[in-house]
Amino acid sequence: MTATKLDGKATLAAILDDLKTRVEALTAAGRTPGLGTVLVGDDPGSHSYVKAKHNDCAKIGIESIRRDLPADATQADVERAIDELNADPACTGYIVQLPLPKGLDSGAVLERIDPAKDADGLHPTNLGRLVLQEPGPLPCTPRGVVELLRRYDVPLNGAKVTVLGRGVTVGRPLGLLLTLRSVNATVTLCHTGTKDVAAELRAADVVVAAAGVPGLVTADMIKPGAAVLDVGITRGENGLVGDVAPEVAEVASYLAPVPGGVGPMTRGMLVTNVVESAERLAQG
Ligand SMILES: Nc1nc2c(c(=O)[nH]1)N[C@@H](CN(C=O)c1ccc(C(=O)N[C@@H](CCC(=O)O)C(=O)O)cc1)CN2
């Protein structure tokens with residue numbers, strides 16, 4: 001078997017195309033959406049993601065507001081940038097690019113974001129809404145995983161999904177999203193305390209790997225015909241490497257690779273969240 005590619009790049013282009021008319025309608029009403037970003041430090045990956053996010057927005061008429069701070073920025077500097085974006089009417093949604101440099105308290109930073117402008121869905125209020133199955137912005141990568149599977153008609157209702165990694169941006173909120181009544185999957189969340197990760201992966205109809213360990217998931221750990229989504233991105237000397245070994249394509253039915261799979265979907269869901277928050281703010 002050679003897996004069908006879950007093509008995040010093509011799906012991102014389709015998402016931007018669909019959002020364009022909604023941005024035009026907001027602009028015509030004098031409510032042009034504006035994406036704000038807070039970027040601290042010199043991490044090349046973070047710089048490239050933020051640049052890509054603003055490029056996506058520019059393609060469909062969303063304004064950009066950047067707050068780039070040096071690596072030695074203090075907690076007070078970051079909080080000042082957040083307060084400015086909270087107060088800026090041109091900024092309808094924004095993110096703080098993670099990870100922040102060591103020494104900065106990312107929990108306190110996320111908590112300071114106005115929940116109505118939280119384009120990443122990572123404010124405790126919005127994570128609480130997800131727990132309570134109430135409407136609100138959803139974290140971008142988990143939303144991107146579910147949206148990519150939906151667009152390729154990979155069934156989730158009743159499916160066994162194993163997620164590798166329990167981080168705050170991917171694994172933990174993805175577990176919540178997949179178990180919403182509207183999605184209805186059965187989720188196993190694996191982490192460093194899991195006794196037999198390979199057995200948990202082999203039992204799954206859908207595997208999402210978000211451990212950040214290159215090549216961790218090998219073909220023998222995958223049930224033939226399962227769908228596999230690679231979310232782990234490690235930047236090495238030879239470019240980007242995912243958590244999923246290339247041979248997995250020989251046993252999986254669908255594969256979201258690195259690059260070109262879930263990464264672009266993260267960006268697509270961010271732009272979607274920005275448009276949705278601009279629409280909510282326009283309604284008052
Ligand atoms: N505030 C946030 N910080 C981080 C998040 C997040 O959702 N919110 N997620 C990741 C990084 N991330 C978004 O910020 C992200 C990761 C990957 C991609 C992407 O398009 N990847 C491409 C490859 C890009 C390249 O060549 O470098 C792909 O996989 O094809 C976009 C965004 C951590 N931080």
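Two residues count as in contact here if their C-beta atoms, placed from the backbone, lie within 7 Å. With that in hand, welcome to a predicted model whose chain is assigned domain 1 (29–122) and domain 2 (140–264). Both domains give residues to the shell around the ligand, so the ligand lies between them.

**The two domains**
- Between the C-alpha centres of domain 1 and domain 2 there is a distance of 27 Å.
- Four residues of domain 1 make contact with four residues of domain 2.
- On the side of domain 1 that touches domain 2, two residues are nonpolar, one is polar and one is charged.

**Around the ligand**
- The shell holds 20 residues, and those that come nearest to the ligand are Tyr49, Leu98, Cys140, Pro259 and Gly263.
- At least two shell residues come from each of these elements: helix H2 (44–59), strand E4 (93–96), helix H6 (140–151) and helix H9 (262–283).
- Helix H9 is the element that gives the most, supplying four residues to the shell.
- Sorted by class, the shell around the ligand has 11 nonpolar residues, seven polar ones and two charged ones.

**What the record says**
- An unreviewed UniProt entry annotates residues 6–120 as "domain: Tetrahydrofolate dehydrogenase/cyclohydrolase catalytic".
- In the model, residues 6–120 are 50% helix and 16% strand.

Note on methods
Residues numbered from 1 in each chain as written. Predicted model: local features only at pLDDT ≥ 70, side-chain atom pairs only at ≥ 80, totals over all residues. Domains from an automatic or database assignment. Nonpolar A, V, L, I, M, F, W, Y, C, P; charged D, E, K, R; others polar. Near = placed C-beta within 6 Å. UniProt positions renumbered as here; feature names shortened; annotations may be inferred.
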